[in-house]
Amino acid sequence: MQVFWRPASSIIRNISINHSLMSSDNMFFGQDVLNRVSFLRGDSEFIKAAYECPKSVFIPFIDGEALLDTVQNKLYLTSTDGNEEISNALKTFEPLYNTVEGRHLNSGINVIFLGLDEKKAGIVYKEIYKGIPYFGVDFRCTDQTIIKPEQIKSLRESYKSMSIMDIINITNREASLYSHAKMYVDWLSKYNFCPGCGSIIYPVQAGNKLLCGNEHKDQKCIVRDARVSNVSFPRTDTSIIIAITNSDFSKICLTRNKRALRDKNGKEMAMYTTVAGFIEPSETIETASAREIWEETGINCDASNVKMVFTQPWPYPVNLMIGCVGMVNFNNKNEMINIDHDKELLDAQWFDTAELVDAIAKYDADGFFVKFKDEMVIPSDSTVAFRLLKYVAERYIKK
Ligand SMILES: [Zn+2]
């Protein structure tokens, strides 16, 4: 998997500034907006108070897609006071919470408690837990569900689904709320039957856990009967994105994927960037990075020379991107390139990092493409790949 297009928050291009870039707080989709108070998800008194608080904020989705507030060009958020259709649907749903009827295939809706925005006054629970409660709400209405499609007719007609470009243009706070809700929405919509026994499963703990609905105690279910049933919780798929360099950062290996990338005029671009892939079961971040580097480029990078520099949630659909730098010990063997193992790449080359420093300093961008050298381009500063390239360039300058 080659990843070139990972939005990051506004990145400072000035090559001399770097430390703030290493904070995951800064990461697009990764801002820590809410206190998740995860221990209160199963507290029905708290959830009821949060649900009924007039200041509570709901992030509506329709069939898994968030909605664009076209007037303000932002993620559409609302309260129970703000939208009558949503308010009525939530009233219909409230008695179905934690019941089999509450699953979206019956009710037509998934509702997820996300957390508290502690910066604003909202509810106060047990004198300690304060703030405005946030919920994700995904409408999946059909003629068979309790909430019918007609009940959200004007919501459907008044707001359009957010495209990826709409999402790139919202603030990091909104994008992070979107990512948080979206990953739960995706999970709850896809997991409808128990992987242990095939019975229906339904959400409990305000949409944060799925329970096997098999009530026949004499029928075995490895999920229901397990002491720790991990399959009942949301999943996160971890992937790695790696810049390949040498021990003094003076060289960088950039790769071009076989998948064609075109600019806005349809011209195929020679995009040179980092390598990326999924972490496989029972791999560490470091061993997965070393494997991915070797599989794609043939370069030997010892896992002990892989360093994680930052991470980013990536809601397409449920990923955590782990940004790493792999340092290769040059010995006339380790650095040899061979792109014939998994045949994912069209090309891979070692470049002088000095050339990259030049390109970043000049920053001659056209959309997502930044001029590198000759006909080659690197990804723009709206990507995590760029952050990794810049990280290497900065380390090289400091040496
Ligand atoms: Zn089961």
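The side chains of Glu52 and Lys48 meet in a salt bridge, with 2.7 Å from N to O, where a salt bridge is a side-chain nitrogen of Lys or Arg within 4 Å of a carboxyl oxygen of Asp or Glu. Side chains of opposite charge can pair when their charged atoms come close. Both Glu52 and Lys48 lie in helix 1, 4 residues apart, which is about one turn of the helix; helices (H or I, at least four residues) and strands (E, at least two) are DSSP runs, numbered from the N terminus. Glu52 counts as partly exposed at 41% relative accessibility, and Lys48 counts as partly exposed at 45%. In these terms, buried means under 20% relative accessible area, exposed means over 50%, and partly exposed lies in between, with a 1.4 Å probe and protein chains only.

The model is predicted, so local features need pLDDT of at least 70 and side-chain atom pairs count only at pLDDT 80 or more, while totals for chains, interfaces and linings use all residues. Residues are numbered from 1 along each chain as its sequence is written, and side-chain values use heavy atoms, with hydrogens and water left out.

By the salt-bridge rule the count comes to 22. One of them joins Lys126 and Asp43, at 3.9 Å from N to O, and this pair links distant parts of the chain, since Lys126 is in the loop between strand 5 (123-125) and strand 6 (129-139) whereas Asp43 is in the segment before helix 1 (44-52), 83 residues apart. Lys126 is exposed, with a relative accessible area of 54%, but Asp43 is buried, with a relative accessible area of 18%. In helix 9, Glu394 forms a salt bridge with Lys390, the closest N and O atoms being 2.5 Å apart, and these two residues, 4 apart in the helix, are separated by about one helical turn. Both Glu394 and Lys390 are buried. Elsewhere, a network of salt bridges links Glu283, Arg291, Glu292 and Glu295.

Helix 8, at residues 353-362, has Thr353, Leu356, Val357, Ala359 and Ile360 as buried residues. These residues are on the same side of helix 8 because they cover an arc of only 165° around the axis, the arc being that of the directions from the helix axis to the C-beta atoms. The face turned away from this buried side carries the exposed residues Ala361 and Lys362. What covers the buried residues of helix 8 includes strand 11 (251-257), strand 17 (345-352), strand 19 (369-371), strand 20 (376-379) and helix 9 (384-398). Just after helix 8, Tyr363 takes a positive phi of about 40°.

Turning to the chain as a whole, it is divided into domain 1 (19-27 + 236-398) and domain 2 (38-232), with bounds that come from an automatic or database domain assignment. The centres of domain 1 and domain 2, taken over C-alpha atoms, are separated by 36 Å. Their contact, meaning heavy atoms within 4.5 Å, takes 11 residues from domain 1 and 10 residues from domain 2. The area buried between domain 1 and domain 2 is about 770 Å², of which carbon and sulfur atoms give 67%; buried area is the accessible area (1.4 Å probe) that two parts lose on being put together, summed over both. Pro315, Tyr316 and Val318 supply 52% of the area that domain 1 buries against domain 2, more than any other three residues. Across the interface of domain 1 and domain 2 the rule finds 0 salt bridges.
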